[in-house]
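This briefing is meant to be read with the sequence and the coordinates open side by side.

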Amino acid sequence: MAEQLMPDPVVDLSDVRELARDMVVIPNPGVPLVPNIGVIGGRHSVLVVETGMGPRNAETVLAFAADYAKGRTLYLTTTHFHPEHAFGARTFAGEATYLINRDQAEDLRLKGPGYVEMFRGLGEPVARRLEGVELGQPDLVYDQAHDLDLGGRVVRLRATGRAHSKGDQVVEVPDAGVLFTGDLVEAGQFAIFPWFPPHDTDVSGTRWLAVMRRLADERPRVVVPGHGAVGDAQLLADVRDYLQLLRDETWARRDSAMSEETIVEEISALMIARHPEWAGREWIEKGVGCLCAEHDAGS
Ligand SMILES: [Zn+2]
């Protein structure tokens with residue numbers, strides 16, 4: 001990842017789309033490290049999902065949300081602690097109530113500073129976005145699930161348990177059948193495995209697969225992925241099926257004592273043949289690495 005030149009990860013307001021009544025997405029325009037950002041309204045309050053990376057992106061999102069809210073109370077949540085999702089939360093301090101799950105709050109506190117440093121190494125445009133970044137502190141923390149009443153609309157925040165990160169959560173708007181998944185789902189690209197031993201090995205392929213099985217069974221009408229185009233429940237099934245195949249094919253080869261290097265070669269060829277249109281091929285290798293470690297640990 002570090003050797004690629006990353007474009008400026010700027011949040012772009014030119015293509016804001018309505019997802020349902022009083023709910024919009026600021027879509028990720030196909031630029032890496034820009035998330036899909038949600039703004040969900042109720043009678044008296046508005047919830048923002050994700051901040052964009054760094055203070056200037058967050059200022060853009062906050063200004064948009066304040067304008068959208070027209071005096072309604074602002075809340076902020078983030079799906080997980082990764083920089084483009086949560087490293088703008090400080091900008092919302094005093095303007096919005098920042099609400100997240102406990103595991104994510106721990107991730108932010110323990111791993112946030114290291115991720116600032118790691119992401120600064122991704123090139124000058126990303127480093128510039130992180131200039132002056134201060135990590136946010138949640139105002140409210142929940143353990144497993146929290147129902148947030150926006151007035152005539154209840155949003156369900158749920159911690160999924162360790163998967164793409166240690167502290168993932170999903171954000172569901174039941175009256176509209178909309179699910180914000182964060183990086184548990186990326187549309188049009190291979191699942192992002194932030195497998196960076198020895199710095200970060202919290203991603204779990206097996207637990208992620210279990211989470212995707214549960215979410216896919218719920219069949220939401222609209223799925224807003226962490227990155228890529230908004231879709232439907234098929235996006236959940238696609239990630240579930242990819243993770244299952246990745247695990248099964250990796251473990252079958254590991255059982256026959258194949259080297260990790262050969263497994264990476266074979267699985268990459270297999271997956272690229274299966275999904276030739278998907279971006280992010282470098283994440284296949286990280287996924288194999290993670291699943292080899294989980295196999296060897298007997299999980
Ligand atoms: Zn992420």
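In this predicted model, strands E9 and E10 run antiparallel and are joined by four bridges, and within that pairing Arg 156 has Glu 172 of E10 as its bridge partner. Both strands belong to an open sheet of five strands, in the order E8-E9-E10-E11-E12, whose pairing is mixed.

**The five-stranded sheet**

- The edges of the sheet are strand E8 (145-149) and strand E12 (222-227), each of which pairs on one side only, and from one strand to the next the twist averages 25°.
- On the E8 side, E8 pairs with strand E9 (residues 154-159) in the antiparallel sense over five bridges, and here Arg 156 of E9 is the bridge partner of Asp 147.
- Strand E11 (residues 178-186) pairs with E10 in the antiparallel sense over three bridges, with Leu 179 of E11 as the bridge partner of Glu 172.
- The hairpin of E10 and E11 has four residues between the strands, and in it Gly 177 takes a positive phi near 65°.

**Burial of strand E10**

- Strand E10 (residues 169-173) is mostly covered, since five of its five residues are buried.
- The cover extends to both faces of E10, with Gln 169, Val 171 and Val 173 buried on one side and Val 170 and Glu 172 buried on the other.

**The hairpin of E1 and E2**

- Strand E1 (residues 17-20) and strand E2 (residues 23-26) run antiparallel and are joined by three bridges, among them one in which Val 24 of E2 is the partner of Glu 18.
- Two residues lie between the strands of this hairpin, where Asp 22 takes a positive phi near 50°.

**Packing of helices H5 and H6**

- Helix H5 (residues 205-218) packs against helix H6 (residues 234-255) at an angle of about 150°, and their axes are 9 Å apart.
- Because angles over 145 degrees count as roughly antiparallel, H5 is roughly antiparallel to H6, and the crossing in which H5 passes H6 is left-handed.
- Residues that make the contact include Trp 208, Leu 209, Met 212 and Arg 213 of H5, together with Leu 236, Val 239, Arg 240 and Leu 243 of H6.

Key. Residues are numbered from 1 along each chain as its sequence is written. This is a predicted model: local features need pLDDT of at least 70, side-chain atom pairs count only at pLDDT 80 or more; totals for chains, interfaces and linings use all residues. Two strands pair if DSSP finds at least two bridges between them. Axes are lines fitted to C-alpha atoms, for helices over the stretch in contact, and angles run from 0 to 180 degrees between N-to-C directions. Angles under 35 degrees count as roughly parallel, over 145 as roughly antiparallel, 65 to 115 as roughly perpendicular and the rest as oblique. A crossing is left-handed if the near helix is turned anticlockwise from the far one by less than a right angle, and right-handed if clockwise. Two residues are in contact if their C-beta atoms, placed from the backbone, lie within 7 Å. A residue is buried if 20 or more other C-beta atoms lie within 10 Å of its own, exposed if 12 or fewer, and partly exposed in between; C-beta atoms are placed from the backbone.
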